Amino acid sequence: MVHVYNCHPFASQHIVPTEQEPGLVCCGGGALFVVSAGGCKIEAYQMQEDQCPLICRFSTMGTVHSILHSQVGDYLVTIEEKNNATYLRAYTNWRYQAAEKTRVGVRLLGHFLRGSSLRGAPKEQMEIIEIPLFEPPLCMACCPLTGDLLVGCAKSLVVFSLKRQALTEQLAMLDFERVLVLHIPGWRPSQVAFCAGYIALQTELEVLVVKLQQLEKTCLSPEEQSELPVDIMAAAGLVEDDVKKEPLSPHEPDDFLVFPKHLELLGDDAKDCGVFVSLELAGMETEAKNKMGITYVLYRRFAPDFFQGCSVEETCLHSLQLHLIKTDNQDGASDTSMSESFCMFCFFSLPNAGYMYSLKNTVEFISAYQYPEKAHQAVLCDQFLYVITRNALQCFSVRCSAVAARAEDPYIDTTMKACPPFTMEVCGLRIQLFIGLKSLCHDGNHIVLLTAADVESKEETDRAARKTIESKEHKALTGIFLAVGIEPSTNPALESFLSKSFLSRKTSITSKPKEPNDSGHGWNLYVINTVSTLQLYREMVEYSKRYEQTNPLSQNCVHLLSEAHLLLRAALLSLSDSESADRVQLQEAFQENCAQLGDCFSRLDKRDFHLALPYYKMSGLTVTEVIQRNVAMNCSTGAEYGKGFLFFLKHSLYEETMEELSEETANTVLDIFSKAEPGQLPHVVSSSFMMKASPACVLAHLEQLEACGAPSVTLTLCKAAQALRLEDLQLYEQQMDRHAEMLQVYGFIEEPKLLVLGRGKAVVPTQLAQHLHDTQDGLLVAAVVALHENSKVKLEEADLFFQGLCKDFVDTQSSPQLLVDFWEALLVASSHEAIIHELLFRLTSVYIDRITRRDSSGIKALKTADDLINSCSHYGLLFPWVSILTPTHFNITHDHQEDLQKLQSLLCGPTLDVSSILPLLEQLPGTDNADLSIHVLCATKLGQHESSIERLLDCCPQAIIPYANHELQNDKLALWWRKLFPELCERTQVSSGENMILLAALKETLVVVAMELNPLEFLDLLPDDGTAHFFLPHLLECSQRNLHT
């Protein structure tokens, strides 16, 4: 379905003052080129000026059958005929003819590049370049990015690369080099298109699009490509005839043709189309030859069909076009980068319908255009599709900018940005009547139309003759049925049968057409100026208001504003950086359009209402302005607030991306939600942007909500928060006492903004959080731990939250006690490996810092060391030897005793990685037993038992036996006699046996050694200093044990 509106995209028109009847026209670079009806003269006109003044005129070397202009290189290329031979020629530097410089140079392709024939100073002259071909040219196309030329022949396509050679600073010469030949057996193209490596070609009923690309793998050589097995060619349907034909059944008469069915193959599937394309490379480096290949992109085949105003015989494709649209606005980019920053589209048309595909990345069907009558020609541009029929110029909308927007911006189709879908139905903006339209071309803001009134073409004459024959056939067949007693009018099937044409393509019309009378014919060549984008946009807005006044929920209003949106997007994409003034105006109109679309979607209650959010975001309006617009609409219509507006409002409040609302606006928001979605009130009033709302008004709305249903924990907490704002502590305590602390934690999980406002580095504690810090810090810590575990806040945000709460009470050099309490509680609750290791490092750092500084904040921790040992697996029971080093009555303050025990417990636990905290140990000098216990615990966990034994013997020998009993087990058992026994013997001898602690330790060690070693091994350990009598009892015990075993 095509929506039809009556906009005015055409501003003005004027007639080109040609002296002779135009035969062919084309345009480009601001110039209009007219080939006279005789075909041997070209006139160039300036379209940018009023009345289209003549630039120059020059003669061609033959009768021109086709003409094309290339923007890159500013050259013309023609297919000409002379003496029954067809030639391909390029006309370069044609503008020199404007100065009546009659000198014209004629040369062959490549002649100038191989060796200049010019002698003396370079000459300013037009050049005609003869481009030789092996086959007669049928059609041609120029690449708008590079100026390269593609020529279609009967069995092949030839690619010529545009070359430029500068002669002076002002003068340059152009030439072409044949670089590639694509052999396509069985295809005789009627039209070709060439752009950014994409090649499109069409026959009467088929379209094929391929892409040239550089391949890493070696491609087949031309010889290998041409020597394909016959069976492969047969399977692909490749025959040597120019036209592919299906084999006729022996029962089928020769008067009928068999057509294949409709077929569409996109992307990788297109390689199965049965069309074989082989490459022949020429004029390229050997290295590049091994890297060139083709990729099949699109194949579409149509079957002839009946439709109004066109018979089967007239069903053929026309207006093939490849079209680029920019996805960024960078000027001066290289060809490679430009091709990557463009979206590619392919358009082709039947007489009754046009088809557009997107080719970049994923090949997709974009739009179908149903014409109200037979179309002769169509031209696709960035913003519109122009179509001419016999007596009308039609303007349709296109979806190029919708595809380009999604390719350019990954945020499209999210809550951040939106764009109308490319699947949206197209619309006809204007049908402008003309008489006898024959040709159409487009350049910039100009449309060129060639009309020829009262000219009865051969095609129309053939159709009239065919209708006469069909009428005779109809009468004859009707008579046959009546003769056998069958009335065709009583049988619908027979009526349908008799209504069809029985003519085939082989039927010839022998009646001689009427010769036209030249004296009565009229023709005109029009240049139509299109209106500016802003003017057309404003008209479309005014047009949409008519639908809005009739029905505010009209889809036609949304559709027309969406068309205006795509129109503005296309204009913004087509602007260069130098047109900054136009860009500002277009951007303002674009934001205005986004606001209008936001208004439309905000009123909707069904599909697509969610689009109000991204369109309002793109409009640049503040939330206050959006609220005012919707409140005004609601007051004028008396309807309820739309689901789209409520969706926008909720997201704006929850995402915390809006400005703080004034008291009046905040109270308006409360009224809106009280009427539309009262269940959202607890979440709405908790938003940081509602802080200026009257607390009494908020409390009234909450009490009204509570009266309507069962009270929830979140609702009760919201009422408590408002009571604090009113400084009503009695009401606050009353609300807080209604639920247990565990249920209140669940309430905070449901609405985190009761405690925490903002995200990232902008975290701010609420008034309720500050009050809980003063009165119920345990509940506060438990709530924030629950928020973290439910992914409501991140660890860094929780740190900022507690630092903000405690900023007036703690030394800036140390972590607040409440933050440390949070870390300890989170370590108990968390199961995330990364979080656990981070918390262990932070807590270890805090404990070491407090032990080192020995200053007390006077704030008691929520959990003692015993509490953590009993509740958290990461805290281990203190080893016996640790308790000997630092007993409970150790000479440090109680706070630091707790920190020391927590640190010792972490080191006694199974989780802490000691290697990660080694740099922190440098803060501990090791001058007392507290430091000693930490150093020995770390060294032991690192496997440094021998050094630990030495340190304990040096500083606290009474702990050595408990240490050895606990640590020197299993694989470390040998250290009893290899390290501990020799050390004790040596130190006891030095002290002359007077150190009773060492002597007792030596005796305990001898008991273990006697149990583990045999007598000979025991004897080897004994010192030879005359103290054997001391060891004899232990040696005797060892011998007796060994005898028993």
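Predicted model: local features only at pLDDT ≥ 70, side-chain atom pairs only at ≥ 80, totals over all residues.
Residues are numbered from 1 along each chain as its sequence is written, and side-chain values use heavy atoms, with hydrogens and water left out.

Now the chain as a whole. The secondary structure comes to 35 helices and 34 strands. Both are DSSP runs numbered from the N terminus: helices are H or I with at least four residues, strands are E with at least two. Of the 1045 residues, 50% count as buried. Buried means under 20% relative accessible area, exposed means over 50%, and partly exposed is in between, with a 1.4 Å probe and protein chains only. As for contacts, meaning heavy atoms within 4.5 Å, take those in the chain with a separation of 6 or more: residues 24 or more positions apart account for 65% of them.

Two packed helices are described by the angle between their axes and the distance between the axes. The axes are lines fitted to C-alpha atoms, for helices over the stretch in contact, and the angles run from 0 to 180 degrees between N-to-C directions. Angles under 35 degrees count as roughly parallel, over 145 as roughly antiparallel, 65 to 115 as roughly perpendicular, and the rest as oblique.

The pair α6 and α10 comes up here. Helix α6 covers residues 400–408 and helix α10 covers residues 555–574; they pack at an angle of about 60°, with their axes 9 Å apart. The two are therefore oblique to each other. Their crossing is left-handed, which is the term when the near helix is turned anticlockwise from the far one by less than a right angle; clockwise would be right-handed. On the α6 side the contact has Ser401, Ala402, Ala404, Ala405 and Glu408, and these meet Leu566, Arg569, Ala570 and Leu573 in α10. By class, the residues of this contact divide into six nonpolar, one polar and two charged. For the classes, Ala, Val, Leu, Ile, Met, Phe, Trp, Tyr, Cys and Pro count as nonpolar, Asp, Glu, Lys and Arg as charged, and the others, Gly among them, as polar.

Then α14, residues 643–655, and α15, residues 663–676: their axes come within 12 Å and cross at roughly 125°. That makes α14 oblique to α15. The crossing of α14 and α15 is left-handed. From α14 the contact takes Phe645, Leu646, Leu649, Lys650 and Leu653, and from α15 it takes Val669, Ile672, Phe673 and Ala676. Eight of the residues in this contact are nonpolar, none is polar and one is charged.

The remaining pair is α29, residues 929–941, with α30, residues 945–955; here the axes come within 8 Å and cross at roughly 160°. So α29 and α30 are roughly antiparallel to each other. Again, α29 passes α30 in a left-handed crossing. Leu932, His935, Val936, Ala939 and Thr940 in α29 meet His945, Ser947, Ser948, Arg951, Leu952 and Cys955 in α30. The classes in this contact are five nonpolar, five polar and one charged.

Where is Phe33, and is it buried or exposed? Phe33 lies in strand β4, residues 31–36, and is buried, with a relative accessible area of 0%. Not counting residues up to four places away in sequence, Phe33 touches a list of residues including Leu24, Ile42, Glu43, Ile67, His69, Leu76 and Trp94. Phe33 and Glu43 are 10 residues apart in sequence and 5.6 Å apart in space, C-alpha to C-alpha.

Leu279 lies in strand β20, residues 278–281, and counts as buried at 5% relative accessibility. Its C-alpha atom is separated by 9.2 Å from that of Ile184, 95 residues apart along the chain.

Last, two loop residues with positive phi. Gln51 has phi near 65°, a positive value in a residue other than glycine. Gln51 sits in the loop between β5 (41–46) and β6 (54–59), and is exposed, with a relative accessible area of 55%. Asp608, also a residue other than glycine, has a positive phi near 75°. The place of Asp608 is the loop between α11 (580–602) and α12 (612–619), where Asp608 is partly exposed at 25% relative accessible area.
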